[in-house]
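Hi there,

Here is the structure I promised to pass on. Have a look when you get a moment, and my notes follow below.

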Amino acid sequence: MNRPPLPRGTAYAVLAALAAVVIVISTAIFLGTAGRDGRTVTGSHENRGSAEPAASGQWVGTWATAPAAAEPNTPKGFAGMSIRNVVHTSIGGTGARIQLSNLYGTVPLAVTHASLAVAAAPGSPAAVPGSMQRLTFAGQPTATVPVGGSLISDPVRLAVPAAADLLVTTYSPTPSGPVTYHASARQTSFIARGDQAEEPLGTAYTTKTPYWRYVSGVDVWTQEAHGAVVALGDSITDGVTSSTGLNRRWTDFLAARLRTEPGAPRYGVLNEGISGNRILLSNSPSPTANNLSGLSRFDRDVLGRTGARVVVIALGVNDILRKPQVDNPQQIVDGLRSMVRRAHERGLRVVGSTLMPFHGHKGAVQRQEVTRQGVNQIIRSGGVFDSVVDFDRTLRDPAAPERLLPAYDSGDHLHPSDAGYEAMAQALDLEALKGQAAAAL
């Protein structure tokens with residue numbers, strides 16, 4: 001007998017209730033002797049420690065975001081405030097750890113209290129009863145994230161469901177700006193006065209915010225997932241026109257396919273999109289460049305991600321659209337090939353996308369369309385990526401190929417609608433995510 005699906009809120013409530021039960025049971029699986037893995041990283045590339053729990057499994061990223069910029073008007077950070085970031089998992093596990101970033105800070109970030117919990121409902125600052133866990137770093141309840149660096153917490157026992165919201169909370173008592181943040185979260189997070197890091201009901205979190213601050217990754221200890229897909233892209237991968245709080249970026253739709261489709265590789269999905277990102281150029285050069293180029297951030301945001309097995313690269317549109325504009329398709333392709341070589345050196349398979357239409361977008365001119373078509377021609381001819389996903393063919397209007405299909409257009413003639421993001425995820429051949437990197441391209 002076929003039953004109608006539960007409403008989203010009801011389904012999440014059932015999931016949360018089950019998680020509360022599993023949290024107790026999972027203690028027997030995730031042993032308390034888990035090795036300490038919190039460490040300071042001062043370079044752009046992070047070397048993760050090898051300490052693992054005694055139970056069989058592996059660490060895999062379930063969620064990530066790219067530190068994008070220094071938040072404007074935050075010279076003193078959020079001293080005396082608790083920041084509760086809401087993030088959405090792609091895969092589940094029996095333990096978890098987080099990564100904090102102070103990439104754009106100019107003074108060390110003192111974190112005296114941090115916690116992790118499963119959200120009681122989608123987008124809620126309240127925690128599932130019994131899921132609130134205090135985080136430690138190298139065995140200590142406090143930590144200092146160095147200027148330009150990052151820090152990984154120790155593992156905690158926690159039943160992390162797939163496709164659920166987690167609450168990552170930090171409290172810093174001292175000024176520590178500017179804040180390292182990700183502006184295009186498409187997710188509502190929360191701020192409270194004072195140290196409310198382990199406040200479980202969420203009632204203190206009366207201020208809403210559209211940003212993620214400091215947190216840049218969540219890993220889970222899993223016996224089911226075999227690795228992670230890293231999506232490196234711009235605002236289209238960032239999902240800037242997707243519905244806020246509903247997790248309708250193309251990477252979210254991809255994560256759902258990987259969880260549910262028979263024969264799909266069981267991978268986490270890590271979204272490393274940054275709005276405005278380019279392959280070749282970063283933004284402002286000093287003191288630290290905001291919105292680092294794809295080439296500059298590749299090691300950190302792709303190769304440094306836990307369990308990375310394959311990367312999907314969807315970059316190049318902003319190299320054409322943003323000043324100084326690139327007119328030579330070969331320059332863009334050369335940048336892509338450089339990233340592919342670096343991925344292959346680390347054994348990662350690379351899926352690359354064609355550049356989607358942008359005719360009608362503000363400021364776009366015909367010569368830019370010529371450049372876009374030139375890039376796509378080279379990509380389709382082979383020899384750039386291990387496999388190609390043709391986002392251009394998927395989303396373009398057959399009657400006007402230089403434009404997005406109206407049903408897939410958010411309205412600005414550049415970014416997709418929710419339906420367009422879903423179509424992008426459907427266009428990916430899941431078989432292309434499997435296997436090893438090509439020996440040479």
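Just after helix 6, Gly-347 has a positive phi of about 80 degrees. Please keep in mind that this is a predicted model. At the other end of the helix, where it starts, a side-chain oxygen of Asn-328 comes to within 2.9 Å of the backbone nitrogen of Gln-330.

Helix 6 itself runs over residues 329-345, which makes 17 residues. From first C-alpha to last it reaches 25 Å, close to the 24 Å expected at 1.5 Å a residue. Its buried residues are Pro-329, Ile-332, Val-333, Gly-335, Leu-336, Ser-338, Met-339, Val-340, Ala-343 and His-344.

Helix 3 (residues 250-260) is another one to look at, being mostly covered, with 8 of its 11 residues buried. Those buried positions are Trp-250, Thr-251, Asp-252, Phe-253, Leu-254, Ala-255, Arg-257 and Leu-258. Their cover includes strand 18 and strand 20, as well as helix 2 (235-238), strand 19 (267-273) and helix 9 (418-427).

How many cavities of 30 Å³ or more does a search of the whole structure find? The search turns up 4.

The largest cavity has a volume of about 90 Å³. It is lined by 13 residues, and those closest to its centre are Ile-236, Ala-314, Val-317, Ser-353 and Met-356. By type, its lining splits into 8 nonpolar, 4 polar and 1 charged.

The second largest cavity holds about 60 Å³ of space. Around it sit Phe-78, Met-81, Ile-83, Leu-109, Val-111, Thr-170, Tyr-171, Ser-172, Ser-176 and Tyr-214. Strand 4 (81-88), strand 6 (109-111) and strand 12 (165-172) each supply at least two residues of that lining, and strand 12 gives the most, with 3. Here the lining comes to 7 nonpolar and 3 polar residues, with no charged ones.

Best wishes

Note on methods: Residues numbered from 1 in each chain as written. Predicted model: local features only at pLDDT ≥ 70, side-chain atom pairs only at ≥ 80, totals over all residues. Heavy atoms only, no water. Helix = DSSP H or I, 4+ residues; strand = E, 2+ residues; numbered from the N terminus. Expected span 1.5 Å × (residues − 1). Buried < 20%, exposed > 50% of the residue type's maximum accessible area, 1.4 Å probe, protein only. Polar contact = N/O pair within 3.5 Å; in protein donor to acceptor, adjacent residues only side chain to side chain. 1 Å grid on protein atoms, 1.4 Å probe; cavity = no way out; pocket = protein on both sides within 12 Å on 5 of 7 lines; lining within 4 Å. Points joined across faces, edges and corners; volume = space filled by probe spheres on them. Nonpolar A, V, L, I, M, F, W, Y, C, P; charged D, E, K, R; others polar. Contact = heavy atoms within 4.5 Å.
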